[in-house]
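I wanted to note down what I looked up in this structure, one entry at a time. The entries follow the order in which I checked things.

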Amino acid sequence: MNTLSDSEKRIGSLMARISAACIFLSFAVQVALGDPGSPGYDSATGGIVAILNYAQAFSFLFVLAFSLKLFNAEDKPYFRVVIQAFFAVIAINMVNSFNATGYFNNDGTLFTVDQIQILQNINAWGWNLLAGIAVICVLSVNNGQLPTYGVYSGWGGSILILMFSLGSIFGLLPQGAFILIAVLGGVILFPAFIFSFSSAFSKA
């Protein structure tokens, strides 16, 4: 059985807080400074959001990597494979964080910045489905490591994310539910779930 070292506990706890905070900040920046009427790249917030998205993904990679030790993944093959797959997806998202901003600030590129955003988000439905499955996998192996609020926010967030994904894929979301489910599941409950790892790592 692998156990977390003191440095892994300390780093994991810090990274969980950073990752959760970056999700909130990214949303807040887009709401406060962005242009709701513009569906494409927003030059006023694009660079800031790119930095926050990179920081969020970078820190989340530590949470995922250390969670394998936290929940003794050696004895839980399904959990281990799902988390490793999610780790790969987050790493890809991280290295793509600056694509739109980079294309916006450089002339003579092959694609427009809006095309880059479309290409970058082309796997969003699959990402969301895997995120929901990954959270459920974590909850299925949790044996008291996560605090109670993390368990509840995890179940709520994963269910809403899966509802959002499947409803969006098959066009089943009712009018007006898209934003509500996305914000509640992806901006409130999912970050709360990530933040709960801060406590789990500290007490491991």
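I looked up Cys137 and found that it counts as buried because its relative accessibility is 4%, where buried means under 20% relative accessible area, exposed over 50% and partly exposed in between, with a 1.4 Å probe and protein chains only. I then turned to Cys22, which also counts as buried, at 8% relative accessibility. Taking a disulfide as a pair of cysteine sulfur atoms within 2.5 Å, I counted zero disulfides.

I noted that this is a predicted model, in which local features need pLDDT of at least 70 and side-chain atom pairs count only at pLDDT 80 or more, while totals for chains, interfaces and linings use all residues. Residues are numbered from 1 along each chain as its sequence is written, and side-chain values use heavy atoms, with hydrogens and water left out.

For the fold, I recorded eight helices and zero strands in the protein chain, these being DSSP runs (helices H or I of at least four residues, strands E of at least two) numbered from the N terminus. The radius of gyration, taken over C-alpha atoms with a globule rule of 2.2 Å times the number of residues to the power 0.38, is 17 Å, close to the 17 Å that the rule gives for 204 residues, so the protein chain is as compact as a globular protein of that length.

Across the protein chain, I found that buried residues make up 42% of the 204 residues. Among contacts (heavy atoms within 4.5 Å) between residues at least 6 apart in sequence, 73% join residues at least 24 apart.
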